[in-house]
Each structure stands twice: as C-alpha cells, then as structure tokens.
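Take a look at the model below. Keep it open while you read.

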Amino acid sequence: MTYKILISDPLSEDGIYPLRQADGFEITMETKMTPDELGERIGEFDALLVRSQTQVTRAIIEKAKHLKIIGRAGVGVDNIDLEAATEHGIIVVNAPDGNTNSAAEHTMAMLMSMARKIPQAYYALRNRNWDRKSFVGVELKNKTLGVIGLGRIGAEVAARAKGQRMNVIAYDPFLTPEKAEKMGVDFGSVEDVVKAADFITVHTPLLKETRHLINAEAFRLMKPGVQIVNCARGGIIDENALFDAIQSGKVAGAALDVFEQEPMVDFRLLDLPQVVATPHLGASTVEAQEIVAVDVSNDVISYFTTGTVRNSVNLPSVPKEVMAKIEPYFDLAERLGIFLADLADGTAEEVNIQYAGELANIEVGPLTRNMLKGLLKRYLGEIVNDVNAAYFAELKGVTVTESKSTATKGFTNLITVEIKTAKGVRKAAGTLLNGQGARIVKVDDYLVDVAPKGNILFIRHNDRPGVIGRVGTLLGEENVNIATMQVGRSNAGGDAIMLLTIDKAAEQGSLDQLEKLTEIEKVKAISL
Ligand SMILES: NC(=O)C1=CN([C@@H]2O[C@H](COP(=O)(O)OP(=O)(O)OC[C@H]3O[C@@H](n4cnc5c(N)ncnc54)[C@H](O)[C@@H]3O)[C@@H](O)[C@H]2O)C=CC1
Ligand SMILES: O=C(O)C(=O)COP(=O)(O)O
C-alpha cells in the first residue's frame with residue numbers, strides 16, 4: 001500500500017527527510033496551487049501537509065475523499081476547519097513546540113526594532129538620509145511589558161523581557177497567582193495588563209474569544225505612548241482600532257508580524273511611520289522549519305504504520321505508556337459496540353460504559369470512542385471513526401457516561417456497556433482473557449462465554465424441553481452449521497437465552513422461521 005502525501009506549503013526539505021526515507025509514501029510537493037486547484041486535486045491524497053498559507057476550508061475537506069490526516073508544520077491551526085475535519089474523521093496534527101524559540105526571538109527582535117525605530121532609520125539611511133533626530137527611541141529597562149497569553153511563546157518572551165530588566169505583567173486564563181510568582185511575573189486581568197503596560201505583546205491563538213481582544217475599548221484603557229507587538233495572529237488586534245489609536249497619538253509604535261488578511265492587501269497601517277512589520281516570519285528560521293517538518297512527518301508515518309500520533313489537535317493524545325496498556329482492548333470495545341447495535345431494537349439514546357478491574361486505573365477515553373465507533377457505524381456507516389465517534393454521538397443526541405470500578409467482579413478486566421433505546425435497555429460485558437483473546441461474558445443479565453467474532457444468533461425463548469433441538473433442526477434444514485451454543489436461563493421453565501455461533505450468516509427466512517416457533521420470542525442476527 002502506498003500512501004499519497006500532498007505538501008501544499010513550502011516545508012523544509014531536511015524536515016521531510018523521514019517521510020522521503022520511509023517505505024510506502026509518495027510525496028507530491030505543489031506549493032503554488034489556487035484554492036480551486038487544491039480542491040480539484042485533494043481527492044487523490046491520503047495526507048496533506050501545510051503551514052499557515054493553505055486554507056483548508058470545509059469545501060476542501062468535503063472534496064478530500066481519501067484524506068485521513070492533515071499535518072500542520074507549525075502551531076496555529078486557524079487556517080484549518082477543525083470542525084469539518086473532525087466531522088469527516090480526519091485527524092489534524094500540529095508541531096506545537098518546534099517553533100516556540102524562533103517565535104519568541106522574533107517577538108523580541110520586533111519589540112527592540114520598534115522601540116529603537118531601527119527599520120525606519122535603516123530606510124532613511126538607504127535613501128542617503130543621515131537623520132539622527134527623527135529616530136530617538138525609548139529604553140526597555142524598567143518599563144512594564146504586558147503579555148497576553150502566557151503559553152509556550154508568551155512564557156519565553158516573558159523570560160527574555162526580564163533579561164532586558166523589564167517588569168512583566170501577564171494574563172492567561174490558566175495563570176494563577178502562584179504560577180505567576182514562580183515565573184517572576186505580575187498577575188492581572190486583560191484590563192489590568194493593558195492599563196499597566198508600556199509595551200504589550202499578544203501570544204494567544206486566534207479563537208472566537210480572542211478575535212479583536214485588543215479593540216478600541218482596550219486602546220482607550222492603555223497608557224499614552226504605549227507600544228504594541230503582534231507576532232501571534234492577525235485579528236487578535238483590531239487593525240482599524242489600531243490605526244485610529246496610532247493616528248490619535250495614543251499608541252506610539254506597533255510591530256506586526258501577522259495581519260487580519262494574509263498575504264496583506266490593506267497597506268494603510270504600513271504607511272504610518274510608527275509601524276514596523278514583517279510578512280509572518282516568526283517561525284521562519286532554518287532550525288524551526290526543520291523541527292516542525294520532522295515532527296509532522298513523524299506523526300504522519302506513525303499514523304499510517306501504527307495508528308497513533310503524538311500531537312493531535314482534534315483527538316486527545318494518549319501517552320505511549322497508556323497506549324501500550326489499552327491497545328489490546330480496542331477491538332473488544334469496538335465489538336461490544338457492534339454487538340449491542342445488532343442486539344438492540346432501535347438506536348441508542350443513552351450509553352453507559354463501565355470499566356472494572358485493572359482498567360479502572362488507566363485513561364480509557366480511547367476505548368469509549370472505539371466502542372461508540374462500533375455502536376454508531378451500524379447506523380451511520382463507515383464514516384464513523386475514532387476521531388469523530390464522540391462528535392457523532394453528540395450530534396445524534398446520544399448521552400454517553402463513563403464510570404470506573406476497581407472491583408474485579410471475578411475478571412481481571414471487564415468492560416460493561418449498557419445502552420438505552422426507546423424500546424428498553426440492553427447490556428453486554430466483555431473481558432480480555434490472558435492469551436485467549438476477547439470474550440463476551442454477559443448479555444443482559446445472563447452469564448455467557450462467547451468469542452465476539454463471526455456470526456452469532458441471539459435467541460430469547462421460554463425454557464421448555466425440546467426447544468434447543470427444534471432450533472438445531474431448523475437451522476440444519478437451512479444448511480446453517482452451529483459451531484458453538486450457550487444457553488442461559490433466569491430459572492427453570494422461565495425466560496432463557498441461546499447464543500449460537502454459526503458458520504455462515506443465516507438468511508432472513510431462517511430467522512423468520514425460528515421466530516415462528518412458539519417458545520421463541522425474539523431472534524437477533526449479530527455479525528461481528
Ligand atoms: N508569527 C508566527 O510565525 C507564529 C505565530 N504563532 C502563534 O502564536 C500563538 C501562541 O503559540 P504558543 O505559545 O505556542 O501556544 P500555546 O498554546 O502554548 O499558548 C497560547 C496561550 O494562550 C492562552 N489563551 C487562550 N485564550 C486566551 C485568552 N482569551 N486570553 C489570554 N490568553 C489566552 C492559552 O491559555 C495558552 O496559554 C499560536 O496560536 C500561533 O497563532 C506561533 C508560532 C509562530
Ligand atoms: O506556527 C505558527 O502558528 C505560525 O504562525 C507559523 O506559520 P508558518 O508555518 O511560518 O506559515
């Protein structure tokens with residue numbers, strides 16, 4: 001099998017070396033495609049690697065019939081429609097820390113260039129103008145830097161600013177006074193930060209909540225003469241409000257690496273002498289580009305070879321040690337989902353999954369997603385996978401609850417799934433037997449022991465002499481061979497079940513014949 005990879009933005013050749021070396025990958029590098037051209041070609045590819053330029057919109061994703069994974073060689077994924085990717089079961093990975101240092105260094109370079117007007121002075125000098133009066137700067141020392149977003153890059157910038165003898169005040173929803181104290185920064189709200197700062201730098205992702213976080217009202221609160229840096233994303237600062245704040249004299253300088261529209265179309269801000277700018281170069285270093293491309297290449301290889309990734313954005317990543325423990329249960333969880341989908345009448349409204357024994361102490365989210373995949377693909381088809389199973393459950397209004405119990409219930413591990421449909425509650429429990437594979441050990445309240453594979457007939461009947469024989473005879477007449485048979489009953493002569501594994505799927509006609517037998521209440525064909 002050869003996987004086709006499209007690289008649609010310029011990626012470091014050294015960085016994609018692992019992909020070029022690995023067997024089974026065919027790489028196409030096309031970095032100048034229009035959105036229409038990308039839309040026409042994307043259907044051929046299994047993986048897409050991008051930086052910030054390619055806009056991976058819903059329209060593109062809808063045409064990407066074979067796409068399984070999108071790799072973003074960088075941090076920000078605001079150019080990828082994550083919701084659409086998740087809905088289509090496409091995993092999105094990024095390279096979250098490969099360019100942290102470069103982005104932090106670029107932020108400091110922009111801060112200092114702005115404070116000392118270096119680009120403006122250079123421009124004058126290039127034009128043979130030896131002008132020393134127009135380019136008087138301000139020092140950073142003893143000034144306050146306001147950092148909004150104290151994540152990887154924000155924290156690196158804060159540390160460097162302290163090296164410049166600046167005071168730092170920061171806001172981040174995850175920052176606590178204790179963490180701030182440890183990092184040697186002051187802690188405040190967005191309002192506190194913008195009011196206190198002489199210089200402001202933003203380092204949040206671009207989200208609904210951070211769009212125009214720095215707007216006309218924020219500029220109103222700032223100190224006169226404040227200077228502002230944006231090396232994160234265009235749109236965190238409202239460009240129109242910034243333009244007005246510079247023109248009014250409130251803002252003395254702005255250093256911008258990123259813009260609301262890229263490549264930039266509105267050059268109004270750049271015509272202001274207080275503005276210094278670069279064309280989104282924060283991550284553009286040899287080092288950063290190599291690391292981010294290596295990181296996404298490795299995730300793509302690992303996804304297609306082992307099914308695991310390190311840096312998923314739309315699927316919680318599972319540490320390697322945890323993965324090693326839960327991987328053997330993936331199949332059991334999925335088969336329990338399929339088993340119940342076939343067994344139940346109607347679709348699930350509520351699903352309750354309980355993990356017992358040794359499973360109680362580990363992260364089981366991926367197992368729940370696999371079980372949901374099995375359950376939902378019976379109604380929704382093969383489009384359901386680990387990435388979108390939880391999304392589809394929510395979309396269809398299925399309530400999912402997960403619980404754990406350390407009680408072993410006689411098994412070292414046990415997964416019990418209960419589903420509620422409009423017609424009632426059905427339950428199945430499965431375990432993994434050491435060296436013998438998976439077993440379904442309970443169906444509703446009956447103890448059974450059946451391998452969850454192949455064709456199974458579940459029969460609910462009344463416990464009467466001769467019924468087992470009649471079922472065997474009828475199936476024999478239909479040329480259906482019974483491989484194993486289990487019988488369970490609530491009490492002698494009461495409700496009972498039969499669980500038969502059969503060598504080939506029974507025809508609907510045979511099932512109808514079985515249901516006509518007076519002792520038989522219900523027959524369900526299960527195919528695993
Ligand atoms: N100019 C460039 O070339 C580059 C730009 N970036 C941009 O920088 C951003 C930050 O990158 P990292 O530090 O690696 O990400 P990160 O995820 O480590 O940090 C982002 C921080 O923003 C915080 N945050 C979220 N919402 C917030 C809000 N409403 N107010 C304040 N803080 C909020 C988060 O809690 C988090 O701590 C990226 O999302 C990307 O857009 C990243 C690399 C290069
Ligand atoms: O990593 C990020 O978020 C960046 O903004 C870097 O963008 P780029 O990969 O240089 O187009």
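**Confidence and conventions**

This is a predicted model, in which local features need pLDDT of at least 70, side-chain atom pairs count only at pLDDT 80 or more, and totals for chains, interfaces and linings use all residues. Residues are numbered from 1 along each chain as its sequence is written, while chains are lettered from A and ligands numbered from 1 in the order in which they are written. The chain averages a pLDDT of 94; pLDDT is the predictor's confidence in each residue, from 0 to 100. A score of at least 70 is reached by 100% of the residues. For the complex, the predictor gives an ipTM of 0.99 and a pTM of 0.80.

**Domains**

The chain splits into the domains below. Their bounds come from an automatic or database domain assignment.

| Domain | Residues |
|---|---|
| Domain 1 | 3–97 + 287–306 |
| Domain 2 | 100–277 |
| Domain 3 | 318–453 |
| Domain 4 | 454–528 |

The centres of domain 1 and domain 4, taken over C-alpha atoms, are 50 Å apart.

**Around the ligands**

A residue counts as near a ligand if its C-beta atom, placed from the backbone, lies within 6 Å of it. Ligand 1 is surrounded by 31 residues. The closest are Gly76, Gly149, Gly151, Pro205 and Gly282. Domain 1 and domain 2 each supply at least three residues to this shell. Which helix gives the most to the shell around ligand 1? Helix 7 does, with three residues. Helices here are DSSP runs (H or I, at least four residues), and strands are too (E, at least two), numbered from the N terminus.

By class, the shell around ligand 1 has 14 nonpolar, twelve polar and five charged residues. Ala, Val, Leu, Ile, Met, Phe, Trp, Tyr, Cys and Pro count as nonpolar, Asp, Glu, Lys and Arg as charged, and the others, Gly among them, as polar.

The residues around ligand 2 include Arg51, Ser52, Asn99 and His280. That shell has three nonpolar, seven polar and one charged residues.

**A helix pair**

Helix 14 (residues 330–343) packs against helix 15 (residues 365–380) at an angle of about 30°, and their axes are 7 Å apart. Axes are lines fitted to C-alpha atoms, for helices over the stretch in contact, and angles run from 0 to 180 degrees between N-to-C directions.

**Backbone details**

Glu262 and Pro263 are joined by a cis peptide bond, with omega about -10°. Pro263 sits in the loop between strand 11 (251–256) and strand 12 (275–277). Arg165 is not a glycine, yet has a positive phi of about 60°. Arg165 lies in the loop between helix 7 and strand 7 (167–171).
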